[in-house]
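This report covers the fold of one protein chain. Start with a single pair of residues, then widen the view to the sheet and the whole chain.

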Amino acid sequence: MDTGQRVQCPELVLTEGFYDADDSGRLYRLLRDGHAWPDNRYCVAGRQFVLPRLQTWHADAGIRYSYSNNLLQTRPWTALLSEIKAKVEAYVNYPFNSVLVNCYRDGNDYVGWHADNERELGEQPVIASLTLGAARPLQFRHKKTLAQGQIVLPSGSLLVMQPNFQHHWLHSVPMDANLREGRINLTFRRVVVPDGRDSLSG
Ligand SMILES: O=C(O)CCC(=O)C(=O)O
Ligand SMILES: [Fe+2]
């Protein structure tokens with residue numbers, strides 16, 4: 001645990017209990033045991049890498065998103081992901097068209113510092129992040145001032161990241177060598193088409 005200066009971030013809006021304990025436990029187990037998790041080894045420019053988590057990317061037909069060197073293959077929505085998406089959309093009142101599903105099998109899995117600010121997400125990316133399973137902290141660090149903070153994301157919580165979060169902050173989910181339980185995180189996103197037009201507006 002670092003003891004440096006901790007700040008709050010107004011661009012992060014957390015709703016705890018978006019799914020209650022029963023539903024979040026059920027959804028966690030359904031995804032952990034029933035989702036088609038691919039191999040987490042991948043190749044870039046002839047070199048082999050291992051992603052430190054399992055990951056799938058699902059989107060409406062025709063959507064392209066290059067993230068981490070085109071590592072993501074677009075998969076169709078499953079019935080379960082569509083059901084979760086509908087509830088998230090109704091709550092946030094925002095039309096998402098894609099989701100990145102991450103499985104942290106235990107505390108050794110993590111995501112490093114990054115911002116979800118790819119061009120495909122447009123100028124004002126709203127991202128809604130659902131956590132199921134073990135609580136893990138999302139750490140954030142201001143790009144200029146380097147001020148740091150963290151927010152713990154419990155099972156069933158929905159974190160809405162406002163556009164300025166991606167503009168001004170980096171975030172990560174650090175390793176925790178003592179944690180044995182798994183966690184699944186779904187980040188709902190809206191990809192705009194490459195020429196800048198919104199894919200659903202015509
Ligand atoms: O697991 C999380 O809470 C965050 C995942 C994340 O940052 C991402 O998918 O871009
Ligand atoms: Fe992210």
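In this predicted model, Ser 129 stands opposite Thr 187 in β13. The strands around this pair are β8, residues 127–133, and β13, residues 183–189. They run antiparallel and are joined by six bridges.

Both strands belong to an open sheet of seven strands. Its order is β1-β11-β8-β13-β6-β4-β5, and the pairing is mixed. β1 (12–15) and β5 (74–75) stand at the edges. Each has a single partner strand, so one side of each is left without a neighbour in the sheet.

Helix α1 packs on it, touching β6 (98–104), β8 and β13. Helix α2 lies across β4 (54–59), β6, β8, β11 (158–161) and β13. The table sets out their directions relative to β8.

| Helix | Residues | Angle to β8 |
|---|---|---|
| α1 | residues 21–34 | about 90° |
| α2 | residues 79–92 | about 125° |

Now the chain as a whole. It has three helices and 13 strands. The radius of gyration is 16 Å, close to the 17 Å that the globule rule gives for 202 residues, so the chain is as compact as a globular protein of that length. Along its principal axes the C-alpha trace spans about 50 × 45 × 40 Å.

How much of the protein chain is buried? Buried residues make up 28% of the 202 residues. Of the contacts with a separation of 6 or more, 77% link residues 24 or more positions apart.

Methods:
Residues are numbered from 1 along each chain as its sequence is written. Chains are lettered from A and ligands numbered from 1 in the order in which they are written. This is a predicted model: local features need pLDDT of at least 70, side-chain atom pairs count only at pLDDT 80 or more; totals for chains, interfaces and linings use all residues. Helices (H or I, at least four residues) and strands (E, at least two) are DSSP runs, numbered from the N terminus. The radius of gyration is taken over C-alpha atoms; the globule rule is 2.2 Å times the number of residues to the power 0.38. A residue is buried if 20 or more other C-beta atoms lie within 10 Å of its own, exposed if 12 or fewer, and partly exposed in between; C-beta atoms are placed from the backbone. Two residues are in contact if their C-beta atoms, placed from the backbone, lie within 7 Å. Two strands pair if DSSP finds at least two bridges between them. Axes are lines fitted to C-alpha atoms, for helices over the stretch in contact, and angles run from 0 to 180 degrees between N-to-C directions.
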